[in-house]
Amino acid sequence: MIFYFSGTGNTKWAAARLAAATHEDLIPIAPYMRADDSSHNIAEPFILKENERLGFVFPVHGWRVPRLVREFIRKMKIRRETPDSTAEDKETFRKHPFAYCVCTAGDSIGLTIENFNDTIALNASLQALGITEVSASYSLIMPESYVGLPFMDVDPKEREVRKKSKSAQELAVICEEIFDRKEGVNRLVKGPIPWFFTKVVGGFFEKVLITDKRFHVEKDKCVKCGICANVCPVGDIKGGHGEYPEWLHHKDCLTCFTCYHHCPHHAIEFGHQTQKKGQYFYK
């Protein structure tokens with residue numbers, strides 16, 4: 001099974017490719033973390049089939065694992081299905097499952113994987129399966145979507161195309177290695193001084209920059225289409241067709257800019273610094 005979270009679509013593309021390559025199920029994380037979705041119950045354990053891989057695919061937020069993903073990993077319960085009675089099956093069952101993660105980022109990931117493994121250590125059911133850290137980890141550099149700081153914008157079209165092309169080639173190799181359960185692979189673009197960016201800048205990012213308070217709608221541009229409310233992964237926007245969007249301030253916002261990037265009329269802004277910036281989501 002493959003658990004994934006995606007805002008602007010980069011990660012969903014990668015997760016879908018992995019699911020096709022491994023013939024395993026895709027499970028979106030966001031619905032399990034929404035209080036308004038009673039159809040997804042995180043209290044119920046996920047059942048890992050015999051010989052099934054366990055994958056986690058997510059974007060990097062502030063050189064860290066997104067808060068929503070970390071909370072899901074801490075709360076989730078997972079167990080293996082009961083093995084058949086043959087000795088060979090029992091021997092296979094005693095081995096811990098092959099666990100891996102693939103993260104997407106616009107530039108570098110810092111110590112995101114270390115951050116992820118620290119989160120795994122807090123989940124008793126994963127520990128019971130013998131999973132204390134992922135067996136393989138990868139990063140994919142994808143088109144930039146974070147526009148929340150003055151010096152950050154989406155990539156120019158040519159760079160976007162280059163990134164997509166290169167990541168598609170890399171993902172093909174990743175799919176092969178994960179299908180073959182290749183352990184000990186850590187192909188990561190950590191970037192310069194990863195400790196500083198994850199611990200210091202990432203801490204500032206989570207405490208100060210992850211907020212919905214700066215989002216607002218330019219009503220003279222808004223056509224009340226409801227797209228922003230529909231695409232918000234955490235249900236933080238009230239509105240729909242015929243209504244102006246209203247952010248709910250329920251502290252679940254990830255500042256993933258999914259609402260901003262999907263607005264067909266560039267009517268959503270984050271403070272003043274996004275007014276002249278581009279938009280991007282994976283097509």
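1. Two strands count as paired if DSSP finds at least two bridges between them. Helices (H or I, at least four residues) and strands (E, at least two) are DSSP runs, numbered from the N terminus. By these criteria, 6 strands form an open sheet in the order β2-β1-β4-β6-β7-β8, with parallel pairing.

2. On provenance: this is a predicted model, in which local features need pLDDT of at least 70 and side-chain atom pairs count only at pLDDT 80 or more, while totals for chains, interfaces and linings use all residues. Residues are numbered from 1 along each chain as its sequence is written, and side-chain values use heavy atoms, with hydrogens and water left out.

3. The sheet has β2 (26-28) and β8 (185-187) at its edges; each has a single partner strand, so one side of each is left without a neighbour in the sheet. Neighbouring strands are turned by 20 degrees against each other on average, direction ignored. Axes here are lines fitted to C-alpha atoms, for helices over the stretch in contact, and angles between N-to-C directions run from 0 to 180 degrees.

4. Strand β6 (residues 99-105) runs parallel to β4 (residues 54-59), joined to it by 6 bridges. β6 is also joined by 6 bridges to β7 (residues 136-141), again in parallel. Y100 of β6 is the bridge partner of G55, and in β7 the partner of Y100 is A136. β7 in turn pairs with β8 in the parallel sense over 3 bridges, where Y138 has R187 of β8 as its bridge partner.

5. Helix α1 (residues 10-22) packs on helix α6 (residues 157-179) at an angle of about 40 degrees, with the axes 9 Å apart. That makes α1 oblique to α6; angles under 35 degrees count as roughly parallel, over 145 as roughly antiparallel, 65 to 115 as roughly perpendicular and the rest as oblique.

6. The contact (heavy atoms within 4.5 Å) involves W13, A14, R17, L18, A21 and T22 of α1 and S167, A168, L171, I174, C175, I178 and F179 of α6. By class it has 10 nonpolar, 2 polar and 1 charged residues. Ala, Val, Leu, Ile, Met, Phe, Trp, Tyr, Cys and Pro count as nonpolar, Asp, Glu, Lys and Arg as charged, and the others, Gly among them, as polar.
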